Amino acid sequence: MAHGIPTAGQIREIAPSLAATVTAREIDDNGHMNVLHYLDHSSRGADILVRSVGIDEGYRRDRKLGLFTTEHHLTYYSELLEGDPFTVHVRVLDRSDKAVHLICFLVDRLRDKLSNTLEIMLVHVDLERRRASPMPSDIMAAIDHHIAVSGALSWAAPTCGSLRIRRHRRDD
């Protein structure tokens with residue numbers, strides 16, 4: 001379910017995972033940052049968070065486990081122009097034993113407002129079997145910490161409404 005648009009101040013309650021400036025090569029024929037770069041910067045911000053919970057090269061190499069993006073949703077609120085500074089903030093919304101739902105906020109630091117969001121569903125996979133696999137308890141605990149931080153925020157994330165952790169009811 002979609003929610004109101006958070007202010008830049010609210011988003012800054014989440015530590016930035018990435019800070020950068022729009023370069024000339026990122027500008028498209030319309031004079032603003034091309035869609036590919038919104039996706040790239042937000043994805044890099046999400047990757048930094050994922051690495052911080054322990055899912056990095058060593059995790060993939062040693063445990064033979066990783067995360068795959070299964071779905072994402074981009075929303076644009078305002079354009080970024082060449083030379084505009086921005087930050088990426090990542091909020092972990094929910095998880096199951098095999099999936100993580102998060103949203104990235106790209107904040108225009110010059111105009112002090114939200115430029116875009118990238119909502120992402122990730123599935124934890126066994127890299128040898130190439131199938132969904134439960135996350136180890138240490139990874140779930142690290143993700144749970146981010147979910148708790150997210151839950152303490154006073155504002156709702158502007159989710160698209162179609163991406164979410166699906167919980168199946170067990171009939172006992």
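## Close-up views of salt bridges, cores and loops

**View 1. Aspartate 84 is buried, with a relative accessible area of 4%.** Buried stands for under 20% relative accessible area, exposed for over 50%, and partly exposed for values in between (1.4 Å probe, protein chains only). The model is predicted: local features need pLDDT of at least 70, side-chain atom pairs count only at pLDDT 80 or more, and totals for chains, interfaces and linings use all residues. Residues are numbered from 1 along each chain as its sequence is written, and side-chain values use heavy atoms, with hydrogens and water left out. Aspartate 84 forms a salt bridge with arginine 111 (2.8 Å, N to O). This pair connects distant parts of the chain, 27 residues apart: aspartate 84 is in the loop between strand S2 (65-76) and strand S3 (85-95), and arginine 111 is in the loop between S4 and strand S5 (113-126). Arginine 111 is partly exposed, at 34% relative accessibility. A salt bridge requires a side-chain nitrogen of Lys or Arg within 4 Å of a carboxyl oxygen of Asp or Glu. Helices (H or I, at least four residues) and strands (E, at least two) are DSSP runs, numbered from the N terminus.

**View 2. Aspartate 108 is located in strand S4 (residues 99-108).** Its relative accessibility is 0%, so aspartate 108 counts as buried. A polar atom of the aspartate 108 side chain lies 3.0 Å from the backbone nitrogen of leucine 110. With neighbours within four places in sequence set aside, the residues in contact with aspartate 108 (heavy atoms within 4.5 Å) are Glu79, Leu80, Asp84, Pro85, Lys113 and Ser115.

**View 3. Aspartate 144 and arginine 95 meet through their side chains in a salt bridge (2.6 Å, N to O).** Aspartate 144 has a relative accessible area of 31% and is partly exposed. Arginine 95, at 18%, is buried.

**View 4. A network of salt bridges links Asp47, Arg51 and Glu57.** In the salt bridge between aspartate 47 and arginine 51, the closest N and O atoms are 2.7 Å apart. Both aspartate 47 and arginine 51 belong to helix H2 (residues 35-52), where they are 4 residues apart, about one turn of the helix. An α-helix has 3.6 residues a turn, so residues three or four places apart point the same way. Aspartate 47 is partly exposed at 31% relative accessible area, and arginine 51 is partly exposed at 30%. The whole structure contains 10 salt bridges.

**View 5. Ile139, Met140, Ile143 and Ser150 are buried in H4.** These residues cover an arc of only 90 degrees around the axis, which places them on the same side of H4. The arc is taken over the directions from the helix axis to the C-beta atoms. The buried residues of H4 pack against helix H3 (57-63), S3 and S4. Exposed residues Ser137 and Ala148 are on the face of H4 turned away from its buried side. At 1.5 Å a residue, the 15 residues of H4 should span 21 Å, and the end C-alpha atoms are 20 Å apart, which agrees. The expected span of a helix is 1.5 Å times one less than its number of residues.

**View 6. Leu102 and Cys104 have the most contacts inside the largest nonpolar core, which has 28 residues.** Two or more residues of this core come from each of strand S1 (16-21), H2, S3, S4, S5 and H4. A second, separate core has 10 residues, among them Ala8, Ile14, Ile103 and Leu114. A nonpolar core is a set of buried Ala, Val, Leu, Ile, Met, Phe, Trp, Tyr and Cys residues joined through side-chain atoms within 4.5 Å. Not counting residues up to four places away in sequence, cysteine 104 touches Ser42, Ala46, Val88, His89, Val90, Asn116, Thr117, Leu118 and Ile120.

**View 7. Lysine 64 has a positive phi, near 60 degrees, and is not a glycine.** Most residues other than glycine have a negative phi. Lysine 64 is in the loop between H3 and S2 and is partly exposed, with a relative accessible area of 35%. Arginine 130 also has a positive phi, of about 60 degrees. Its place is in the loop between S5 and strand S6 (131-132). Arginine 130 is exposed, at 51% relative accessible area.

Key. A polar contact is a pair of N or O atoms within 3.5 Å; within protein, one must be able to donate a hydrogen and the other to accept it, and residues adjacent in sequence count only if both atoms are side-chain atoms.
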